[in-house]
Amino acid sequence: MTQKYGHRPPILLTLTILPISLILILNPLIPLIIPKWIFKFSTSLSSLIKEDEYKFPALQANLGFSLLAFIISIWLIPKVSESFILKGLKGRDLLKSGDKLNGPWVPESLGLPCASLYLALMMLFIPFPFSHLFKSHSFSSPETFPQRELTLYLSSLLSLLTATLLGFIDDLFDIRWRHKLPIPIVSAVPTLLVYYSVGGVTSIVLPKSIVGWLSSIGFGGFMKGNIVDLGPIYYLYLIMLPTFTTNSINILAGINGVEVLQALIIAISISINDLIFLPIWSINLLNLFGFKNPENGRILNWAIGEVVNRHLMSLYFMIPLIGICLGFLWHNWYPAKAFPGDTFCYFTGMAFSAVAIQGHFSKTLILFFLPQIFNFILSCPQLFGLVKCPRHRLPSYDEKTNLLNPSKVLFDSSPPKKTIIVLKLLSILKLVKLEYDVDDNNNKEYIKSSTNLTILNFLLIHFGPLKEDKLCILMGLIQVLGSLIAFIIRYGVGSWFYGGERR
Ligand code: UD1
Ligand code: MG
């Protein structure tokens with residue numbers, strides 16, 4: 001029997017992962033649930049659950065929540081798909097054979113159940129990072145409770161909730177992209193206020209050569225050593241960050257799996273970056289790679305105190321997001337049985353911005369968006385009206401071969417001069433492919449068509465035609481390559497640019 005909604009969920013995998021996830025979640029709770037006097041009588045039990053056995057007990061629970069998120073999302077999507085279709089939340093899979101009447105129709109906006117599940121699990125998770133307070137009874141008054149940390153969690157959740165709502169409104173009412181561009185600014189306000197309240201850094205570190213040059217032209221007064229305080233300009237950058245992260249995922253879209261795959265790889269990259277800051281590494285491993293003071297369990301010898309907490313919080317948000325993305329990818333993978341909608345793009349984009357702002361690593365985050373930056377810059381002439389921008393710029397589908405080719409934007413007559421200059425420049429850089437025709441009236445050659453200005457069409461110009469899933473895999477590999485370059489820039493050649501040992 002074929003499955004009507006979603007791809008068939010994996011029963012064996014579920015039965016394996018579910019108990020593991022529950023054990024991981026419940027294990028840190030056991031010392032809280034079981035009365036203390038039981039431990040006195042049972043030495044075997046107390047040796048089983050030594051209080052300080054794990055450096056980060058909440059991290060274990062977090063991993064449990066991530067596995068749970070993965071399994072629940074796999075089972076949830078097929079269950080809710082019919083309701084979405086009945087409410088009219090469906091989209092035609094444009095890169096499959098069919099038509100506007102017969103479809104194939106795929107439930108749209110399923111980022112909504114994903115975001116709801118994520119938020120629910122993150123709300124259930126909130127007590128875990130504070131569980132040591134309940135255990136040791138060290139919490140006696142509101143003054144001694146780590147309110148600051150709690151505020152960071154709550155404001156991030158609020159930003160995520162707002163982004164989800166705005167994304168869903170966009171899915172329902174199809175707001176014109178020009179109008180929806182600034183929407184995420186609103187969702188970022190709570191996060192930014194909390195950033196301000198904890199005395200967020202507004203300075204950047206400049207390489208010595210640039211410092212020398214700026215001093216020579218009279219800007220030395222604005223710098224302390226090689227540090228420049230950007231003040232309000234830095235806040236302007238932070239306020240633009242969610243607009244970029246949300247929309248840049250939304251415009252690198254249109255083939256099955258691509259929105260979710262890029263979010264997954266970015267979430268994994270952020271998690272790896274967070275893990276670098278935690279003192280959890282084995283002495284042998286650190287010895288093997290020749291790190292200093294391996295007995296401390298740290299890769300970055302200077303990563304202590306506040307910076308560890310910030311990256312721990314980021315990890316708490318990213319690990320369950322990886323679970324959600326993997327679970328949803330199960331159904332969104334070619335041939336897609338569920339579409340993410342703008343809700344998913346807004347919600348994941350905001351999650352990345354929120355952790356990067358709260359974790360003070362917004363510049364590193366930008367490095368994980370290299371393919372999106374390329375796609376955005378390439379898209380600019382279409383986004384800002386220099387070149388015609390059709391409603392959909394996704395590749396074009398050839399029914400006969402089942403392959404994708406670059407899609408084109410057609411010009412009825414010769415486009416304006418500035419459009420011609422931009423297109424010819426992009427063509428010289430091999431970013432677009434132009435077609436020419438001769439005007440019957442004046443016998444002059446003019447640009448008849450150009451490929452749409454997206455990274456997917458650019459890849460198809462050079463590596464196409466490709467099948468839809470192959471193009472998605474290629475895009476995923478490029479995202480991975482982008483992250484590798486990001487790590488090299490951040491911790492290799494450019495560590496001076498990112499402040500090296502700045503906390
Ligand atoms: C953005 C892009 C648009 C692209 C669209 C695809 C810009 C400025 N906008 O618009 O060019 O065509 O995303 O998502 O770059 N769809 C598929 N297969 C998929 C995913 C989506 O066919 O794997 C189609 C479905 O018909 C679906 C629709 O795209 O209903 C969703 O489009 P939507 O997210 O509303 O488009 P935008 O975000 O406005
Ligand atoms: Mg979209």
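1. Helices (H or I, at least four residues) and strands (E, at least two residues) are taken here as DSSP runs numbered from the N terminus. The structure is a predicted model, in which local features need pLDDT of at least 70 and side-chain atom pairs count only at pLDDT 80 or more, while totals for chains, interfaces and linings use all residues. Residues are numbered from 1 along each chain as its sequence is written, chains are lettered from A and ligands numbered from 1 in the order in which they are written, and side-chain values use heavy atoms, with hydrogens and water left out.

2. The shell of ligand 1 holds 19 residues (a residue is near a molecule if one of its heavy atoms lies within 4 Å of it). The closest are Arg92, Leu94, Glu108, His392 and Arg393. Strand 1 (90-92) and helix 12 each contribute at least two residues to this shell. By class, seven of the residues are nonpolar, five polar and seven charged; Ala, Val, Leu, Ile, Met, Phe, Trp, Tyr, Cys and Pro count as nonpolar, Asp, Glu, Lys and Arg as charged, and the others, Gly among them, as polar.

3. Backbone atoms also approach ligand 1. A polar backbone atom of arginine 92 is 2.6 Å from an oxygen atom of the ligand; for arginine 393 the distance is 2.8 Å, and for isoleucine 255 it is 3.4 Å. Taken alone, ligand 1 exposes 720 Å², of which the protein buries 91% (Shrake-Rupley method, 1.4 Å probe).

4. Which residues donate to the magnesium ion (ligand 2)? The protein donors are Asn250 (OD1) and Asp342 (OD), at 2.0 to 2.1 Å. Donors are N, O and S atoms within 2.8 Å of the metal (3.2 Å for Na, K and Ca); water is not among the atoms, so sites may look incomplete. Asparagine 250 belongs to helix 12 (residues 232-251) and aspartate 342 to helix 16 (residues 341-358), 92 residues apart.

5. Asparagine 250 counts as buried because its relative accessibility is 14%, and aspartate 342 because its value is 12%. Buried means under 20% relative accessible area, exposed over 50%, and partly exposed in between (1.4 Å probe, protein chains only).

6. Strand 10 (residues 445-451) has five of its seven residues buried. Strand 10 pairs in the antiparallel sense with strand 8 (residues 408-410) over three bridges and with strand 9 (residues 434-438) over five bridges; pairing requires that DSSP finds at least two bridges. Threonine 451 is the bridge partner of lysine 408, and isoleucine 447 that of tyrosine 436. Strands 9 and 10 form a hairpin with six residues between them, and asparagine 443 in the turn has a positive phi of about 60°.

Conventions:
A polar contact is a pair of N or O atoms within 3.5 Å; within protein, one must be able to donate a hydrogen and the other to accept it, and residues adjacent in sequence count only if both atoms are side-chain atoms.
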